[in-house]
Amino acid sequence: MSVQQNLQQIQANIKQACERSNRDPDEITLIAVTKYVTIERTKEAIEAGVLHLGENRTDEFLKKYKNVDHEAIKWHFIGTLQSRKAREIIHEVDMIHSLDRLSLARQINNRADEPIDCFVQVNVSGEQSKHGLAPEEVMSFVEQLADYEKVRVVGLMTMAPHIDDEQKLREVFRHLASLRDDIKERNFKHAPCEFLSMGMSNDYEIAIEEGATHIRIGSNLVGS
Ligand SMILES: *Cc1c(COP(=O)(O)O)cnc(C)c1O
């Protein structure tokens, strides 16, 4: 399938999920996760109209960044980021979805020229294999981020388990949304925390129904 065909299908699904949940499709940012695919395929996505690209490794991120010449593109770093590697992408990245420890916040703070929009990654499901803070750690972590002026907490991110149990997925997404609400309510200057980065190929429609603002789609959009 061409990226264009996949994109049309996904956009139609986004629209329907928004109708079911009384939301405006303009609230949803679709990030094409290009980590599995070539530069050619990435360019095909851009030609089809994708404006947001996501990568999970610094070397691939930079490879795509250098070979894709498109001023309108926004670049998302979605994978585990080693603190010492933050500097490699800090001037290129528009949003980091995987802030999960203070040592990384410190590196971002030391290296960035401007405040960087970051999502705090939460391991809602508690799976051993997943990165991110435990839900009960999130508030105090966000409070501590006030000391890092180049870190701006725009939202929370999670990866749901790879399961088909819709009810379980909803619980994960609702839990993240309620943590987001708790932080937003505090009106932190450094943490407006408006956004929810959740939903992948397998579960993005459910994530949208539960409030996702940023969905990260790889295999269903560009292939795997
Ligand atoms: C790979 C990846 C995705 C995309 O996964 P698909 O299931 O292929 O859509 C989304 N988010 C993160 C953090 C990823 O690593």
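Author: Before we start on charges: Lys and Arg count as positive here, Asp and Glu as negative.

Reader: OK. Where are the mean positions of the positive and negative charges, how many Å apart?

Author: They are 4 Å apart, for 28 positive and 37 negative charges in the chain. Keep in mind that this is a predicted model.

Reader: Noted. What does the secondary structure come to?

Author: Eight helices and eight strands. The chain is as compact as a globular protein of its length, because its radius of gyration is 17 Å, close to the 17 Å that the globule rule gives for 224 residues.

Reader: And what box do the C-alpha atoms fill?

Author: Roughly 45 × 40 × 30 Å, along the principal axes.

Reader: What share of the residues is buried?

Author: 52% of the 224 residues count as buried. The chain exposes about 10,900 Å², and carbon and sulfur atoms supply 41% of that area.

Reader: Which strand do two bridges join to β4?

Author: Strand β3, residues 74-77, and the two run parallel. His76 has Met95 of β4 as its bridge partner.

Reader: Which strand do three bridges join to β4?

Author: That is β5, residues 116-121, again parallel to β4. Met95 stands opposite Asp117 there.

Reader: Last one. What share of the contacts with a separation of 6 or more comes from residues 24 or more positions apart?

Author: Such residues account for 56% of those contacts.

Conventions. Residues numbered from 1 in each chain as written. Predicted model: local features only at pLDDT ≥ 70, side-chain atom pairs only at ≥ 80, totals over all residues. Heavy atoms only, no water. Helix = DSSP H or I, 4+ residues; strand = E, 2+ residues; numbered from the N terminus. Rg over C-alpha atoms; globule rule 2.2 N^0.38 Å. Buried < 20%, exposed > 50% of the residue type's maximum accessible area, 1.4 Å probe, protein only. Contact = heavy atoms within 4.5 Å. Areas by Shrake-Rupley, 256 points an atom, 1.4 Å probe, with all protein chains shown as cover. Charge placed at Lys NZ, Arg CZ, Asp CG, Glu CD. Pairing = 2+ DSSP bridges.
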